[in-house]
Each structure stands twice: as structure tokens, then as C-alpha cells.
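Dear colleague,

Please find below the structure that I am handing over to you.

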Amino acid sequence: MTTPEAEPEQGGAPRPEERLERAVRAAEQALIEYEIALETFRVEVENFSRLHEQRLGPVYARLEELEAQILEARAARSGDPEDRRRADEARARLMPIPGVEELLHGWMDGDGLFPEATAMLTGQEVRPPKRVRPGEEARRLYRDLARKAHPDLAQEDDERARREEFLTRVNAAYARGDEAELRALAEEWAAGPVPERRPSRGEELYARLEWLDRRKELLTVLAKELEESAIGAMLRLAPDDPDRLLEEIAEQLAAQVGEREAELAGLLGQ
């Protein structure tokens, strides 16, 4: 929050309102920095999740199919009703459901894996998945815009609404890694109205600090959920080289596929 500096009391000691104004400004900037970091991490998690599903989804599907075939082969050999029940449950989990094509991002339909997925599993060259990761310039532009246009800096409802709408567009452009759009948004903001600010009363400043504190608590909960999610935890293992982490996981899954295929071949007497 920006307000005119209050005149210090006689003797050089700042007035209570001035100390509150400084505290509010510091809390606002800290909250904005925290929100920027959280949004950046959220975008990274979302992009890594998409890449993880595109690259490894077919392999997970192959492992599930092999597991069902192994259970079916065991049931056929043993004739045990319990083995048959487990095999039927495993097969039922793999049965297609309405909208499965959309859920599996085009990797599988009711007849099995698509050619691209099969090519990936057999080590053939395939079209790389679409990747979106904001570059350094996009990050810089985003952070600058978020600091300038953040809704938490508004005092009036209309101004807050304007900032929220603008920042929604900024977030969308950042998620796409669209530097040109971010530059255009920066020019738009620079040409826009600059709201006038009025000095706050002491009670308003106290209320503002309380609101900022509650907002920080909410963001802390959201940050924890992101960090503790499966994808978030994976991303934190290799924040600077997530592609290498995917390669390592792919190698491990490929080994598991080989083991399951060998186990199935043994059960089928091949």
C-alpha cells in the first residue's frame, strides 16, 4: 500500500499511523512475492503433470494390462475361484468407460493403445509431447506485472476488480509461456489509469494487516497441498532438470515392463 509519508512526531519518533503504514506495505510486498512464487510453482507442477502423463501414461497402461494378463494366466492354471475373482477385478479396472479417449489424452481407446503409444513402448521414435515451460524473460515479465497490478494493492472495490481481471490475463499468458502477450500486457498496464491513494486511518491499517495475515494462511495451505501432491513431490526432486527425472522413471518402468512380460511368458509356457 502506498500512502504519503507521515510527519514524525517531535523528537524524531514516527507516529503510530506511520509505523502501521510501513508494516502494511511490508506485509503487502511479502504477500505478493509469496503469491508470485506459489503461482510459478503451480504452473511448473501443472506443466510437469502434463508432460508426465504424455510420456509415461502409456507405460503405466501397459503395466496394468500385463498385471491383468498375469492374473488371468494364474487363474487359468490354478482354477482357484479366488484367483479368478482377482483376475476379473483387474480386468474390470481396465474396461473402457465413457470419455476414456479424453481422459487418457488420446493414448488409448476401446481397442487398446494407439500407434504412438505402442511406438513409445517399443522404443521407436515418436512425436515429442507438447511442452510448455515459461522462459526466464516470461518469468521476469510476469513477476514485474504481478507486483504492479496485484489486487491486494487496491483500496476500492472497482479497482480491485480491474486488477483481478487484468491479472487473470497475465496468469493465462504466463501459463502459456507467451512472452509477446506478457509484453503487450505490460504496455497496456503502463498506459492504464493509476488509482489515487488516500492515507489510511489507524483502524483501517489494523484491519488490512489482519486481512493480509488471513490471506497468507490460506496461501500457505495451498502451497502445502501443491508440495505434498505426487507431481509436486516429484518436481521438487529435480527442479532444475525435470526431463532427466522423467527419463529415470521411464527407465525404471521399462524394466518393470520387461519383468512382467517375462513373468507372463513363463505362465503361458512361451
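**Aromatic pairs and charged contacts**

Phe-166 and Trp-189 are both buried. Please note that the model is a predicted one.

There are two aromatic pairs in the structure. In one of them, the rings of Tyr-142 and Tyr-174 are stacked, with 4.3 Å from centre to centre and 15 degrees between the planes. This pair links distant parts of the chain, since Tyr-142 belongs to helix α5 and Tyr-174 to helix α6, 32 residues apart. Tyr-142 and Tyr-174 are both buried. Phe-166 and Trp-189 form a tilted pair, at 5.1 Å centre to centre and with 40 degrees between the planes. Here, too, distant parts of the chain are linked: Phe-166 is in helix α6 and Trp-189 in helix α7, 23 residues apart.

A ring also takes part in a contact with a charge: the charged end of Lys-216 sits over the ring of Tyr-34, 4.7 Å from its centre.

The structure holds 29 salt bridges. One of them joins the side chains of Asp-83 and Arg-86, at 2.5 Å from N to O. These two residues are separated by about one helical turn, because they stand three residues apart in helix α2. Asp-83 counts as buried because its relative accessibility is 16%, under the 20% limit, whereas Arg-86 is partly exposed at 36%. Both residues belong to a network of salt bridges that also includes Glu-82, Arg-85 and Glu-89.

In helix α7, Glu-179 and Arg-183 lie four residues apart, about one turn of the helix. Their salt bridge has its closest N and O atoms 3.3 Å apart.

Yours sincerely

Notes. Residues numbered from 1 in each chain as written. Predicted model: local features only at pLDDT ≥ 70, side-chain atom pairs only at ≥ 80, totals over all residues. Heavy atoms only, no water. Phe/Tyr/Trp six-rings, centres within 6.5 Å; stacked < 30°, edge-to-face > 60°. Buried < 20%, exposed > 50% of the residue type's maximum accessible area, 1.4 Å probe, protein only. Lys NZ or Arg CZ within 6 Å of the ring centre and 35° of its normal. Salt bridge = Lys/Arg side-chain N within 4 Å of Asp/Glu carboxyl O.
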